[in-house]
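This briefing describes a predicted model, and it should be read alongside the sequence and coordinates shown here.

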Amino acid sequence: MKTPGLYDRFAATVRRWPDQLALEVADHRLTYRELADTADRLAALVLAARPDRPRRVGVLAGRSLTAYAGYLAALRAGATVVPLNPSFPAARLALLCARAGVDVIVTDVEVPAGLPAETAVVDLRDERPATGPVPVVDAAPASTGVAYLLFTSGSTGVPKGVPVTHANTAEYLDLSIARYGAGPGCRFSQTFDLTFDPSVFDLFVAWGSGATVVVPRRDELMAPVDFVNRRGITHWYSVPWFAAMADRLGLLTPNAMPGLRWSLFIGDRLTLDEAGAWQRAAPGSTVENTYGPTELTVSCTTYRLPAERDTWPVTVNGTVPIGDAYPHLEAVVLDEDGHPADDGELCVRGPQRFAGYLDPADNAGRFLSWDGHTSRRYDGTGPLDETHWYRTGDRVRAGATGLVHLGRLDHQVKVQGYRIELGEIEALVRAHDSVDDAIVLAVPARLGGLEIVAAVTGTGVRTADLTSSLRTQLPRYMIPARIKHLTTLPLNDSRKIDRLRLAAAFA
Amino acid sequence: MPLTAEITLRQIWADVLELDEVDDDDNFFDLGADSMQAVEVVLRAREIGLNIEVPDLFTTGTLAELATLAAGR
């Protein structure tokens, strides 16, 4: 049997439950039928803008109807969807569009300057796509090939494109729909930006089952307990930051969210304390900690916390385990020498593993072959096939309650769930005219969590100029909060830059 | 009363955002603030009796508007 594509899942639900609510966003409440019609209207505009058939459609919109209908329209028109974040600086958006080979952009915000000249634009700022006649869309929905293309921070200074195919999503979505009892009447929170892949869970677990996607406004999102109650959320999914934030604000009072059935977290370390505080407020919900890089399609492991707090596991670092890999995946923990170990790097293969980066040059070193005894890193030459394991770069420890996440093996960090390669920021800081050398670090923030800081050398460095320049190139969460100007960077005994001493200087 | 709230909030914003000076017509997020700093502002404001919520920082356009809202509660 052919595996269904993302749009096929939505279309099947439109046929089965046309009058169920599919989406609530801004002032709109759309049934499945209405959302399908809206997506058709946008798909017709996309096809009109590129009669030669668009291959990749950028969706540049925030928490608006355009964002969600545009996402579906890209797939409906037979293309790969490339979500774009309107809060990113124009230069970064232009870079992403060029790298992705975006043929058409669907947007309801100002079109950024510097887009490749051949990029067509469907500007919906003055349109009302939710109403009007429904056109005949002269294209077959995409159901094979790349479903979505996302960019993650790249350590060499350029974002890495991660293409994820419809086939990659198939088992993942089947499992999620069953595991979380999704169906009509379920109401899914939509806390993630569409540029962050857990949003694929919100959209297609809901739309593949007849549930409703409920999109909070930015201000609503900052009052999660009110949002859950007022909007009747049954399935909550977010980065752990929301639990920590709600706890600090005193919002997590006992049984504050009686209607919540599922509390799912992803994207950053979830502490047992945060999970406990959230569970106290949502005692009718089951709490799970899910884990996975974009390269492995949203999440590839999960741990379900027992209902009774006193039976919770105790872990070395106080975090909730990330649990076990899904049954349709293979996972192995390897030590530095490539031998199976209890403590080492998590490597995964199976149907959720992507086929390689947009730029094949990024594949070198990120995969390995392993025959059960010895492992060999993929060096970028030779074919990359499904026998290769993806190296997550995450250090884990195997135990009785599944895997526990111990940290990163490289310089990737998470700030509020955003995945950041310090090397990417470093490369841009070094590229600034006045800078000789630079080290970018993540240090504990005054307000909890991590913050990005930079140490720079060079004559005549003006940190304010440097910051303004970075603001035109990087998303806000990647801008160093503090920049220190030093005469030289400190070295350790092996003549390497002493990152620990530098970090201490920022404390 | 609004004046007191304004002075207090000006001080809190400046502290949390590590800025020398904040104007009454400044917008919190235009000053480069993030949601973590929004939480911090709310916690500090509450400590000294100003009743604001995090969403208020998103729904009011300026420091002066936020102060008026806080003073009215």
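Leaving aside residues up to four places away in sequence, Val57(A) touches Val46(A), Ala74(A), Ala77(A), Ala79(A), Val81(A), Val82(A), Asp103(A), Val104(A) and Val106(A). In this predicted model, Val57(A) is also listed, together with Val46(A), Val59(A), Ala73(A), Ala74(A), Val106(A) and Val348(A), among the residues with the most contacts inside the largest nonpolar core.

**Nonpolar cores**

- The largest nonpolar core comprises 149 residues, and the element that gives the most to this core is helix α2 of chain A, residues 32–49, with ten residues.

**Overall form of chain A**

- Chain A contains 13 helices and 26 strands; its radius of gyration of 23 Å is close to the 23 Å that the globule rule gives for 507 residues, so the chain is as compact as a globular protein of that length.
- The C-alpha trace of chain A spans about 70 × 60 × 50 Å along its principal axes.
- Of the 507 residues in chain A, 48% are buried.
- Among contacts in chain A with a separation of 6 or more, 65% are made by residues 24 or more positions apart.

**The sheet β24-β25-β26**

- In chain A, three strands in the order β24-β25-β26 make up an open sheet with mixed pairing.
- The edges of this sheet are held by β24 (437–444) and β26 (482–485) of chain A, each of which has a single partner strand, so one side of each is left without a neighbour in the sheet.
- On average, and with direction ignored, neighbouring strands of this sheet are turned by 25° against each other.
- Strand β25 of chain A, residues 450–457, pairs with β26(A) in the parallel sense over four bridges, and Ala455(A) stands opposite Lys484(A), which lies in β26(A).
- Helix α11 of chain A, residues 422–431, packs on the sheet by touching β24 and β25 of chain A, and the direction of this helix makes about 140° with that of β24(A).

**Strand β1 and its partners**

- Strand β1 of chain A, residues 21–25, is mostly covered, given that four of its five residues are buried.
- β1(A) runs antiparallel to strand β2 of chain A, residues 28–31, and four bridges join the two strands; Val25(A) has His28(A), in β2(A), as its bridge partner.
- β1(A) and β2(A) form a hairpin with two residues between them, and Ala26(A), in the turn, has a positive phi of about 50°.
- β1(A) also pairs with strand β10 of chain A, residues 212–214, in this case in the parallel sense over two bridges; here the bridge partner of Glu24(A) is Val214(A) in β10(A).

**The contact between chains A and B**

- The contact takes twelve residues from chain A and 14 residues from chain B.
- On the side of chain A that touches chain B, the elements that give two or more residues are α7 (218–221) and α9 (241–248) of chain A, and the largest share, three residues, comes from α7(A).
- Sorted by class, the side of chain A that touches chain B has five nonpolar, two polar and five charged residues.

Definitions and conventions
Residues numbered from 1 in each chain as written. Chains lettered and ligands numbered in written order. Predicted model: local features only at pLDDT ≥ 70, side-chain atom pairs only at ≥ 80, totals over all residues. Rg over C-alpha atoms; globule rule 2.2 N^0.38 Å. Buried ≥ 20, exposed ≤ 12 C-beta atoms within 10 Å, placed from the backbone. Contact = placed C-beta atoms within 7 Å. Nonpolar A, V, L, I, M, F, W, Y, C, P; charged D, E, K, R; others polar. Core = buried A, V, L, I, M, F, W, Y, C linked by C-beta atoms within 7 Å. Pairing = 2+ DSSP bridges. Axes fitted to C-alpha atoms, helices over the stretch in contact; angles between N-to-C directions.
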